[in-house]
Amino acid sequence: MKEKTLAVVLAAGAGRRMHSDVQKQYLLLKDKPVIYYALKTFQDSFIDEIVLVVGQGETAYCRREIVEKFHFSKVRHIVEGGKERYHSVGNGLKAITDEGYVFIHDGARPFLSEEILRRAYEAVREYQACVVGMPVKDTIKIADDRGFARMTPNRELVWQVQTPQVFTIALAKAAYDKLFLQEEELKKQGITVTDDAMVVETLLNHPVKLVKGSYENIKITTPEDLDIARSFLKE
């Protein structure tokens, strides 16, 4: 029997680095908003349901202009996000009452594929936690607080992490519940939560398997990224 699979798609980011009045997830890529492409992949995949996390006051707009307009029938919940990314993920997880697996994905990554989803699904069934990413192509330097190179990690061991990041629902909820209980203490320690794997690794000490994604699975953050994405679509 197939376990239930749900996606939490994040579309609540302000996108300040895009230098645009329009949030990055709603910018047009070809003739569709950026968020359309990730939702379309989930809609056409084996994923059972989608929770869409949007910005404050954008629920009605997204239901009308995204979900209903493009017939995304798997979107069962539209919830508002929070101040930080991890607040938005937490709000998305609250909408899930099932057991199974959750795929947490940035809506600003339009080039998700069925193949990536299947690789992640196989890994999460075995390891309970996995993240999509790719080995880095460049040499990486770790800097000190004065801006000098302090060390050079072995490039073969360094990955650039992407999304989706996939967990058993129980594991994700346990990690985020603990995060919100310890949020102020983590801030005092100077620990900044930047992705879901970090929550699971740091608060539950649970290993996270790395799964190959794609070098095209980029996150649209700057105007240059949008140009790259348009070139990918032409191909």
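Student: How do H5 and H7 cross?
Tutor: The axes of helix H5 (residues 169–181) and helix H7 (residues 196–204) come within 9 Å and cross at roughly 75°. Axes here are lines fitted to C-alpha atoms, for helices over the stretch in contact, and angles run from 0 to 180 degrees between N-to-C directions. Helices (H or I, at least four residues) and strands (E, at least two) are DSSP runs, numbered from the N terminus.
Student: Which word describes the angle between H5 and H7?
Tutor: H5 and H7 are roughly perpendicular to each other. Angles under 35 degrees count as roughly parallel, over 145 as roughly antiparallel, 65 to 115 as roughly perpendicular and the rest as oblique.
Student: Which residues make the contact?
Tutor: From H5, Leu171, Ala174, Ala175, Tyr176, Lys178 and Leu179; from H7, Asp196, Val199, Val200, Leu203 and Leu204. Contact means heavy atoms within 4.5 Å.
Student: What sort of model is this, and how are residues numbered?
Tutor: This is a predicted model, in which local features need pLDDT of at least 70 and side-chain atom pairs count only at pLDDT 80 or more, while totals for chains, interfaces and linings use all residues. Residues are numbered from 1 along each chain as its sequence is written, and side-chain values use heavy atoms, with hydrogens and water left out.
Student: OK, the sheet. What is the strand order?
Tutor: The order is E5-E4-E1-E6-E10-E7-E11, an open sheet of seven strands with mixed pairing. Strands pair if DSSP finds at least two bridges between them. Strand E5 (75–80) and strand E11 (209–212) are the edge strands, each pairing on one side only. From one strand to the next, the twist averages 25°.
Student: What does E6 pair with?
Tutor: E6 runs parallel to E1, joined by six bridges, and pairs with E10 in the antiparallel sense over four bridges. Phenylalanine 103 in E6 is the bridge partner of alanine 7, and glutamine 165 in E10 is that of isoleucine 104.
Student: And what joins E1 to E4?
Tutor: Six bridges, with E1 and strand E4 (residues 49–54) running parallel. Valine 9 stands opposite leucine 52 in E4.
Student: Is E6 enclosed or open?
Tutor: Largely enclosed by the rest of the structure, because six of its six residues are buried. Buried means under 20% relative accessible area, exposed over 50%, partly exposed in between (1.4 Å probe, protein chains only). Tyr101, Phe103 and His105 are buried on one side, and Val102, Ile104 and Asp106 on the other.
Student: Which strands does H4 lie across?
Tutor: E1, E6, strand E7 (129–135), strand E10 (159–168) and E11, with H4 running at about 135° to E7.
Student: Switching to aromatics. How many pairs are there?
Tutor: Eleven aromatic pairs. Rings of Phe, Tyr and Trp (its six-membered ring) pair if their centres lie within 6.5 Å; planes under 30 degrees apart count as stacked, over 60 as edge-to-face and the rest as tilted. Tyrosine 26 and tyrosine 61 have ring centres 5.5 Å apart and planes at 75°, so they are edge-to-face.
Student: Are those two buried or exposed?
Tutor: Tyrosine 26 is buried at 12% relative accessibility, while tyrosine 61 is partly exposed at 37%.
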